[in-house]
Amino acid sequence: MRQIRAFTLFRFTPLLAVLAVLLVISACGNNNQASGKNAGQAKEAADGTAAADTATAKPDNAAEELPKEIRIGYQVSPNGELLAKALGLLEKKYPDVTVSWLKFDSGRDVNVAIASGGIDFGLLGTPPGASGIAQGLPDQVYYIHDVIGESEALVVKSDSGIASLAELKGHTIATTFGSTSHFSLLSALKQENIDPATLTILDMQAPDIVAAWQRGDIDGAYTWQPSQSKLTEDGGKVIISSAEVAAKGGITGEFGVVHNDFIAKYPHVVKGYISVLDEAVKLYRDQPQESAEALSAELGLTPEATLKAMNEIIVLDASQQTAPEYMGTPGQPGAFGQLLKDTADFLVEQKSITESPELSVYQKALRNDLYSAE
């Protein structure tokens, strides 16, 4: 079982050495039915947990109005939310509500769906999430899913002649623009004083990256799981991971946002989903092998490769959300707001967005009040 330790995000530098060590110790469907047919013992454990915890097994207040449908914009990331999907935990909690899981390949597409009102919940990486807040999208942060480490990395072809960042000059590297991987790639280049103009950087979604790699159109890619594993299994080698980039200041993570209209009407359902995510994270930690079996079908990896991917990120449970290094409390906002502000400032520097508002805007987007006792 991985160890989860608190660390401080304030201006990055105090936590970086700890984060690097922590990540090493710890090891980044459009349908209404949960996949999870391979859940095995993890599913049984989920049933047992639900039976033991009546607060999780039924709506918070049966008299509260429930929506007819909950639309979740998810990404294929080896975290607690994907495990909740695989095990059908939200469907068990709200059996009379239609749960629609809508798959997205990048955070920028999730932003578009939020802006159009097409989803109620969405998963974003820190760059697209910071960009959304800076641009005033109608959403708020309700849950920090994970801190990305080795689950995102720069993978190059073994016969490309590339052995370091300095040798990327003249080569073609793919990534998903506006994503955590794009942010980490640019951060890595900046850390080594390498001009991005000396290489060709192509914008591709993760599935297209794998196809381009197989066609021989690219020399490498900075991408996440499960694409990263597919590239390494097909003759690729890792040059640098996001854990190493984070150790020099380029921290990334994934978090959940909820549409303003949904949380205004159904705050109790948002809290209910938080309890579902908390249940999933505890199963993720306590029964990693069984969880890996449940997640493998979602990721398209073997259970062994899935477990490896799980060990490359740090997942957070509900009790950790209000820690000073994360969302904090209503009276004392956490450092995650500063991380989002710093990320948005970087995006302005890269001309990805035009401006980054003051820190208070990012802090107000953090719904840490959802975790206060009633």
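Two strands are taken to pair if DSSP finds at least two bridges between them. Helices (H or I, at least four residues) and strands (E, at least two) are DSSP runs, numbered from the N terminus. The model is predicted: local features need pLDDT of at least 70, side-chain atom pairs count only at pLDDT 80 or more, and totals for chains, interfaces and linings use all residues. Residues are numbered from 1 along each chain as its sequence is written, and side-chain values use heavy atoms, with hydrogens and water left out.

**Sheet**

- Five strands form an open sheet with mixed pairing, in the order E7-E6-E8-E5-E9.
- Strand E7 (200-203) and strand E9 (236-241) are the edge strands, each pairing on one side only.
- From one strand to the next, the twist averages 30°.
- Five bridges join strand E5 (residues 152-157) to E9 in the antiparallel sense; Val155 has Val238 in E9 as its bridge partner.

**Helix on the sheet**

- Helix H9 (residues 206-215) lies across E5, strand E6 (172-175), strand E8 (220-224) and E9, and runs at about 150° to E8.
- Axes are lines fitted to C-alpha atoms, for helices over the stretch in contact (heavy atoms within 4.5 Å), and angles run from 0 to 180 degrees between N-to-C directions.

**Helix pair**

- Helix H4 (residues 80-87) and helix H14 (residues 288-299) have axes that come within 9 Å and cross at roughly 90°.
- H4 is therefore roughly perpendicular to H14 (65 to 115 degrees).
- Leu82, Leu83, Lys85, Ala86 and Leu87 of H4 make the contact with Ser291, Ala294, Leu295, Glu298 and Leu299 of H14.

Terms used. Parallel < 35°, antiparallel > 145°, perpendicular 65-115°, else oblique.
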